[in-house]
Amino acid sequence: MNLDVSNKMLLNEYVCPKCKAGYRRSNDLNRHKYNQNNLKVDLSSTFYGLPATTERRTVTVQLGYKYHYNQRKSFECLKCGTFFTQKTTITRHVRYFCGRGYRYQCPYCDTKASCSSNIYRHVRSRHKGLQAHAVKLFTSDES
């Protein structure tokens, strides 16, 4: 056996009990276990308040998005299929925008938007001289 190969094998102190694959860091072993079993392995033993053995697929359905490991845009909305890079962005999208319709309307015409800032900009540019405000059609809890 080559000396370089044996030294590398000695550095792999974290070993998978099923396939005997060796890793230098515990996080790499946990990722390997996740990929092998499609189970979330979490050292704190919880994943969004659920046991660590809960399948990730069932959890993401409850949250409204799917996580794709090792992709730049790793969060996918399950309703519309849009991808996002950050968890906070997908959470906001699922909670307030996706499938919700327009939440705000211009008080002077029939223009509608999902963000109040878009209505304020519309009123300032299209209805100059009038007070800029938005009419709320519904709250985020109703839809």
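This is a predicted model: local features need pLDDT of at least 70, side-chain atom pairs count only at pLDDT 80 or more; totals for chains, interfaces and linings use all residues.
User: What about residues 75-102?
Analyst: There the chain is 39% helix and 18% strand, and the end C-alpha atoms are 23 Å apart.

User: Which feature does UniProt place on those two stretches?
Analyst: The UniProt record, an unreviewed entry, gives "domain: C2H2-type" at residues 75-102 and 104-132.

User: Ok, helix α5. Which residues are buried there?
Analyst: α5 covers residues 116-126, and Ile 119, His 122 and Val 123 are buried in it. Looking down the axis of α5, these buried residues fall within an arc of 95 degrees, so they line one face of the helix.

User: What sheet do β8 and β9 belong to?
Analyst: An open sheet of three strands, in the order β9-β8-β10, with antiparallel pairing. β9 and β10 (135-136) are the edge strands, and each pairs on one side only.

User: How many bridges between β8 and β10?
Analyst: Two bridges, in the antiparallel sense. Within that pairing, Val 135 of β10 is the bridge partner of Gln 105.

User: Where is Gln 105, and is it buried or exposed?
Analyst: Gln 105 sits in strand β8. It is buried, because its relative accessible area of 17% is under the 20% cut-off.

User: What is Gln 105 in contact with?
Analyst: Leaving aside neighbours within four places in sequence, the contacts of Gln 105 are Asp 110, Thr 111, Lys 112, Ile 119, Ala 134, Val 135 and Leu 137. One of these, Ile 119, is among the buried residues of α5.

User: Lys 112 is on that list. Where does it lie?
Analyst: Lys 112 lies in strand β9. It is partly exposed, with a relative accessible area of 43%. Beyond neighbours within four places in sequence, Lys 112 is in contact with Tyr 102, Tyr 104, Gln 105, Ile 119 and Leu 137.

User: How far is Lys 112 from His 122?
Analyst: They are 10 residues apart in sequence and 9.7 Å apart in space, C-alpha to C-alpha.

User: Switching to the other sheet. What order do β5, β6 and β7 take?
Analyst: The order is β5-β6-β7 in an open sheet of three strands, and the pairing is antiparallel. β5 (65-67) and β7 (83-84) stand at the edges with a single partner strand each, so one side of each has no neighbour in the sheet.

User: How many bridges join β5 to β6?
Analyst: Three bridges join β5 to β6 (residues 75-77), and the two strands run antiparallel. Tyr 67 stands opposite Phe 75 in β6.

User: What holds paired strands to each other in general?
Analyst: Strands of a sheet pair through backbone hydrogen bonds, either parallel or antiparallel.

User: Which helix lies across β5, β6 and β7?
Analyst: Helix α4 (residues 87-97) does, running at about 10 degrees to β6. Its buried residues are Ile 90, His 93 and Val 94. Those residues cover an arc of only 90 degrees around the axis, which puts them on the same side of α4.

User: What follows α4?
Analyst: Gly 99 follows α4, and its phi is positive, near 70 degrees.

User: Now Gly 64. Where is it found?
Analyst: Gly 64 is in the loop between α3 (56-63) and β5. It is buried, with a relative accessible area of 16%. Apart from neighbours within four places in sequence, Gly 64 is in contact with Glu 76, Cys 77, Leu 78 and Val 94.

User: And how far is Gly 64 from Arg 95?
Analyst: They are 31 residues apart in sequence, with 8.8 Å between their C-alpha atoms.

User: Last, the whole chain. How many helices and strands, and how much is buried?
Analyst: The chain has five helices and 10 strands. Buried residues make up 25% of its 143 residues. The chain exposes about 10100 Å², and carbon and sulfur atoms supply 49% of that.

How values were computed: Residues are numbered from 1 along each chain as its sequence is written. Side-chain values use heavy atoms; hydrogens and water are left out. Buried means under 20% relative accessible area, exposed over 50%, partly exposed in between (1.4 Å probe, protein chains only). Helices (H or I, at least four residues) and strands (E, at least two) are DSSP runs, numbered from the N terminus. The arc is that of the directions from the helix axis to the C-beta atoms. UniProt positions are given in the numbering used here, feature names are shortened, and annotations may be inferred rather than shown by experiment. Accessible areas come from the Shrake-Rupley method with a 1.4 Å probe; for residues, only the protein chains shown count as cover. Two strands pair if DSSP finds at least two bridges between them. Contact means heavy atoms within 4.5 Å. Axes are lines fitted to C-alpha atoms, for helices over the stretch in contact, and angles run from 0 to 180 degrees between N-to-C directions.
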